[in-house]
Amino acid sequence: MIAWPAVAVFVLLFALVTVLGFWGASWRSGDLGLLDEWALAGRRFGTLVTWFLIGGDLYTAYTFIAIPALVYGQGALAFFTLPYTAIVYPIAFVFAPRFWTVAKKRGYITFADFARERYDSRMLSLAVAITGILATMPYIALQLVGIQVVIAAMGLGGSGAARDLPVIIAFVILAAYTYRGGIRAPALIAIVKDALIYVTVIVAIIVIPAKLGGLAHVLASADQLLHARPKPSGILLAPQAFTPYVTLAIGSALALFMYPHSITAVLSAASANVIRRNMAVLPAYSVLLGFMALFGYAAIVAGIHPANSSRVVPDLFARMFPPWFAGFAFAAIAIGALVPAAIMSIAAANLFTRNVYREYINHACTARDEAANAKIVSLVVKLGALIFVLFAPVSYAIDLQLLAGGWMLQTFPALIVGLYTRWFHRNALLAGWVVGMILATALPVSQHFVSVYPLHVGGVTVSAFAALYALAVNFAVAAALTLVFDGLKVPRGKDLTVPSDYRDDGSLDDSPLVYRK
Amino acid sequence: MRRATRGDVKTVWYWVLLIPFVAMLWPPFFNFQKPALAGIPFFYWYQFLWVILSACITGAVYLLAHKDR
């Protein structure tokens with residue numbers, strides 16, 4: 001059955017952001033023929049716009065769907081999202097302004113640009129670029145899945161072409177205004193998205209528990225129901241879940257700000273202090289995500305039995321809200337998918353253009369060629385994600401995205417550590433990355449895409465986030481081989497950055513953007 | 001003793017950023033039902049509270065280390 005009031009509100013809000021998206025190109029105008037303007041809006045966003053932009057970028061539609069689904073399926077373990085989204089900000093507070101500063105001074109648009117100059121290594125830069133592109137593609141696909149599930153929850157599911165048409169339309173619109181306006185489009189839309197999400201979650205956290213007898217009752221009932229399941233869990237952690245809980249939080253927090261879409265949003269800020277201020281105010285979104293997670297329990301208590309796990313939240317909203325407000329909430333989620341999808345496609349396009357195309361295919365590429373190429377690649381990336389969503393089972397995208405966090409983590413030694421020291425040898429970092437990538441893929445795959453791996457050491461079993469095990473081995477390989485390569489006097493390459501490039505000394509305004517020119 | 005000049009960042013304050021890690025990354029500290037707050041188990045209100053406290057700590061470190069430059 002099609003819920004027409006929901007569809008009407010949904011279409012209206014979607015139309016509004018479409019207008020905004022196209023208008024974005026002329027907002028805070030700049031020369032969109034340059035990559036710095038198209039991809040980073042000239043690095044001029046102030047504290048407030050950056051808050052909306054990073055919030056809208058990191059807290060994706062998929063996050064708002066997947067975390068409650070995980071709570072619905074596994075109980076308390078999924079709440080690792082609270083420590084994760086709390087500690088990620090102190091971590092980024094320390095290194096993100098430093099990266100912003102060196103990027104501004106040296107004209108970097110991607111983390112791979114940094115690897116290229118810091119280590120004088122085309123291979124390491126390529127490794128970073130490949131990791132970023134690989135990790136981003138399934139994430140874009142999942143944003144489209146987010147749009148699909150809310151459309152299905154409004155009764156527009158159907159089958160065949162009727163099911164796919166709304167996603168295709170949304171995609172074409174998204175692709176068009178991202179092509180035209182670059183990051184300005186998602187930055188403007190993020191303001192609407194975040195407002196809609198805040199309203200939705202605040203209304204939901206008041207209305208839904210009230211309808212189910214209060215939050216305390218929801219938690220107590222969910223606990224009983226979880227314990228009664230064939231695979232029991234509960235609203236508190238079992239002792240064997242402690243290490244998975246903690247390592248998932250740490251690993252996810254270390255990886256988050258290395259993702260290309262995070263970096264793109266961070267670099268579009270106007271100063272290092274804009275980023276620092278944001279690290280103190282972004283946790284507002286973490287509270288919101290925590291509330292969303294509680295809806296996983298509400299769905300259990302409300303007796304929601306979704307067709308698949310992605311439908312937990314949409315089905316709950318459809319059950320609990322009047323149709324017009326369900327439409328509002330669904331629009332919040334669908335628009336919430338557009339912002340990260342746009343930024344992710346821009347970020348992947350930057351990586352391909354800067355670190356593959358310009359480095360390996362067209363050395364003579366001018367600044368204008370660069371921007372033109374990135375715009376085309378942003379379309380190709382989205383098309384790839386769309387084809388994936390239309391023709392591959394959703395579980396593929398989910399499995400790949402689960403691996404993606406582990407992949408991103410493997411660039412930590414080269415990138416985050418590299419911001420502070422050049423102690424590691426470039427070839428050793430590359431070898432560590434290869435081993436880390438293999439482990440971060442093989443460990444979850446060997447147990448049917450479960451990211452927590454039970455490691456047996458001398459009769460003791462420690463279950464932890466597999467990606468962190470992979471990172472530990474990565475570090476060990478990189479450290480050992482650094483000693484070997486240095487012992488063999490293998491050239492270290494020339495560091496093109498100098499210490500003052502990392503210093504946030506307010507002397508930035510007239511520094512030219514010089515990346516490898 | 002040298003006076004702090006413009007450009008000096010008091011990064012010693014960054015150590016304060018470790019507090020949320022201690023508070024949130026050791027589940028035996030907070031994996032309890034009681035004391036409940038309005039019926040909400042400790043596990044939940046403690047961690048929600050710490051999301052907010054850690055934001056306050058980050059904000060305070062920003063003000064102490066970077067603001068008066």
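A residue is called buried if 20 or more other C-beta atoms lie within 10 Å of its own C-beta atom, and exposed if 12 or fewer do. The model discussed here is predicted. The predictor gives the complex an ipTM of 0.91 and a pTM of 0.93.

**Leu20 of chain A**

- Leu20(A) belongs to helix H1 of chain A, which covers residues 4–23.
- Because 21 other C-beta atoms lie within 10 Å, Leu20(A) is buried.
- When neighbours within four places in sequence are set aside, the contacts of Leu20(A) are Leu188(A), Ile189(A) and Val192(A).
- Between Leu20(A) and Met279(A) there are 27 Å in space, C-alpha to C-alpha, and the two are 259 residues apart in sequence.

**Chain B**

- Chain B has 69 residues, of which 28% count as buried.
- Its secondary structure consists of two helices and zero strands.
- Among the contacts in chain B with a separation of 6 or more, 62% join residues 24 or more positions apart.
- The mean pLDDT of chain B is 87, and 84% of its residues reach 70 or more.
- Over residues 1–6 of chain B, pLDDT stays under 50, and the model has one contact beyond four places in sequence for this stretch.
- Where pLDDT is low, predicted coordinates should not be read in detail.

**The contact between the chains**

- Chain A contributes 33 residues to the contact and chain B contributes 26 residues.
- On the side of chain A that touches chain B, two or more residues each come from helix H5 (81–106), helix H10 (215–227), helix H11 (242–256), helix H13 (272–281) and helix H14 (283–301).
- H5(A) supplies nine residues, the largest share of that side.
- By class, the side of chain A that touches chain B comprises 26 nonpolar, four polar and three charged residues.

**Helix H14 of chain A against helix H2 of chain B**

- The axes of H14(A) and H2(B), the latter a helix of residues 42–67, come within 9 Å and cross at roughly 175°.
- Angles over 145 degrees count as roughly antiparallel, so H14(A) is roughly antiparallel to H2(B).
- From H14(A), the residues making this contact are Pro283(A), Ser286(A), Val287(A) and Gly290(A), while H2(B) brings Phe48(B), Val51(B), Ile52(B), Ser54(B) and Ala55(B).
- The contact of H14(A) with H2(B) has six nonpolar and three polar residues, with no charged residues.

How values were computed: Residues are numbered from 1 along each chain as its sequence is written. Chains are lettered from A and ligands numbered from 1 in the order in which they are written. This is a predicted model: local features need pLDDT of at least 70, side-chain atom pairs count only at pLDDT 80 or more; totals for chains, interfaces and linings use all residues. Helices (H or I, at least four residues) and strands (E, at least two) are DSSP runs, numbered from the N terminus. Two residues are in contact if their C-beta atoms, placed from the backbone, lie within 7 Å. Ala, Val, Leu, Ile, Met, Phe, Trp, Tyr, Cys and Pro count as nonpolar, Asp, Glu, Lys and Arg as charged, and the others, Gly among them, as polar. pLDDT is the predictor's confidence in each residue, from 0 to 100. Axes are lines fitted to C-alpha atoms, for helices over the stretch in contact, and angles run from 0 to 180 degrees between N-to-C directions. Angles under 35 degrees count as roughly parallel, over 145 as roughly antiparallel, 65 to 115 as roughly perpendicular and the rest as oblique.
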